[in-house]
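The entries follow in the order I made them.

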Amino acid sequence: MHPHTIDCAASRSSPPKVDFSVPTGNFGDVLAGYYARRMGLPVGTLLVATNENDILHRFFTEGKYWREEVVPTIAPSMDICVSSNFERFLYHLCNEDSSVLRDWMEGFAQTGKLTIEGKLLKKACGDEGFISGRVGREENLENIRNINSITKGRHLLCPHASIGVAAAMRVLVPKNQRERKAHPVICLATAHWAKFPQAVSQTVPLLPNAPEELVLLEEMQTRSYEMEPTLPLVQNFIRKHMTSNTFLKKIGLGDMDWKTVAGVGVAAAGGFAGIVAAVVLASAKR
């Protein structure tokens, strides 16, 4: 996928646009998609798909970025009341005026509320290419069951990936039909269903066997370390353990500079972040 995407970006022709539905709570992966589009990739609409903790959905539909208490859901990785990556998008929304952004965020810190309206809201939801959808528990479970049934068990979604699929089918696909757009729609997957068997088994009682590698994790030794949250201590810890890590040595990274290894990890990140990293690396080589 990455080489194909890079070639499209480098082409002088206009490749067909592709819409993406991104399950998100912290606005990280979908923000990377936004940057990918700004860098020239043929990204059409970006659907922000949330669970019941829907501060992002409320922003893109009502202009209300209002903090509320977190509600525990069956998609816990998206149980977030404030999206830490969101102010990066707000910076672009206010025309990259850092003083405006500072006022917004200081006001939000004091009141827990940031409201936009009028042209700014139209820009966020139109010009910047974002729409949103909120998927609750029952719709999520029903979608997991339906997709598993339709595909005859070939695709069993985790409760996070299911939110992206459900939101796409209810919001994005009908939108494209109304506007007569023939854009392909890609729903970004998140995790293997076997990481969330308690949630998935509520709608698919007879689960297949989990991958052996995941089962073995339950029997493996766990390690934890406590240290003061200071940068030098964390850096020293990383240096020490990266040079002594047998796995890194097996794959030929044991003797590399720790900053280089960290860079490799960033470039190998999944989803849109990996695409952006690949494009940046490819651009640097040209």
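How much space lies in the largest cavity? I found about 30 Å³ there. This is a predicted model, and I read every entry below with that in mind.

**Cavity.** I searched the whole structure and got one cavity of 30 Å³ or more. I wrote down its lining as T24, G25, T50, N53, I55, L56, I80 and S83. Sorted by type, the lining of the largest cavity has three nonpolar residues, five polar and no charged.

Next I looked up the largest pocket, which has a volume of about 320 Å³. I noted 19 lining residues, and the closest to the pocket centre are P23, T24, S77, M78 and T190. The lining of this pocket divides into nine nonpolar, eight polar and two charged residues.

**Cores.** I then turned to the nonpolar packing. The largest nonpolar core holds 32 residues, of which F27, F59, F60, F86, F89, L90 and F130 touch the most other members. I checked which elements supply at least two residues each to this core: among them are strand 1 (18–23), strand 2 (43–50), helix 3 (55–62) and helix 4 (86–93). Helices 2 (29–38), 5 (98–111) and 6 (118–127) are also on that list.

Leaving out residues up to four places away in sequence, F60 touches F27, V48, F86, F89, L121, A124, C125, F130 and S132.

**P159.** I located P159 in helix 8, residues 159–178. Why does P159 count as buried? P159 does so because its relative accessibility is 0%, and the cut-off for buried is under 20%. Beyond four places in sequence, I listed I74, A75, N140, I144, F196, A199 and V200 as contacts of P159. I also looked up W193: P159 and W193 are 34 residues apart in sequence, with 7.4 Å between their C-alpha atoms.

**Confidence.** Last, I read the pLDDT values. The mean for the protein is 85, and 80% of the residues reach 70 or more. Over residues 1–6 the pLDDT is below 50, and I noted eleven contacts in the model between this stretch and residues beyond its near neighbours in sequence. Residues 261–270 also have pLDDT below 50, with ten such contacts in the model.

How values were computed: Residues are numbered from 1 along each chain as its sequence is written. This is a predicted model: local features need pLDDT of at least 70, side-chain atom pairs count only at pLDDT 80 or more; totals for chains, interfaces and linings use all residues. Side-chain values use heavy atoms; hydrogens and water are left out. On a 1 Å grid over the protein atoms alone, a cavity is a set of points where a 1.4 Å probe fits but cannot get out, and a pocket is an open set with protein on both sides within 12 Å along at least five of seven lines; lining residues have an atom within 4 Å of a point. Grid points are joined across faces, edges and corners, and a volume is the space filled by probe spheres set on the points. Ala, Val, Leu, Ile, Met, Phe, Trp, Tyr, Cys and Pro count as nonpolar, Asp, Glu, Lys and Arg as charged, and the others, Gly among them, as polar. pLDDT is the predictor's confidence in each residue, from 0 to 100. Contact means heavy atoms within 4.5 Å. A nonpolar core is a set of buried Ala, Val, Leu, Ile, Met, Phe, Trp, Tyr and Cys residues joined through side-chain atoms within 4.5 Å. Buried means under 20% relative accessible area, exposed over 50%, partly exposed in between (1.4 Å probe, protein chains only). Helices (H or I, at least four residues) and strands (E, at least two) are DSSP runs, numbered from the N terminus.
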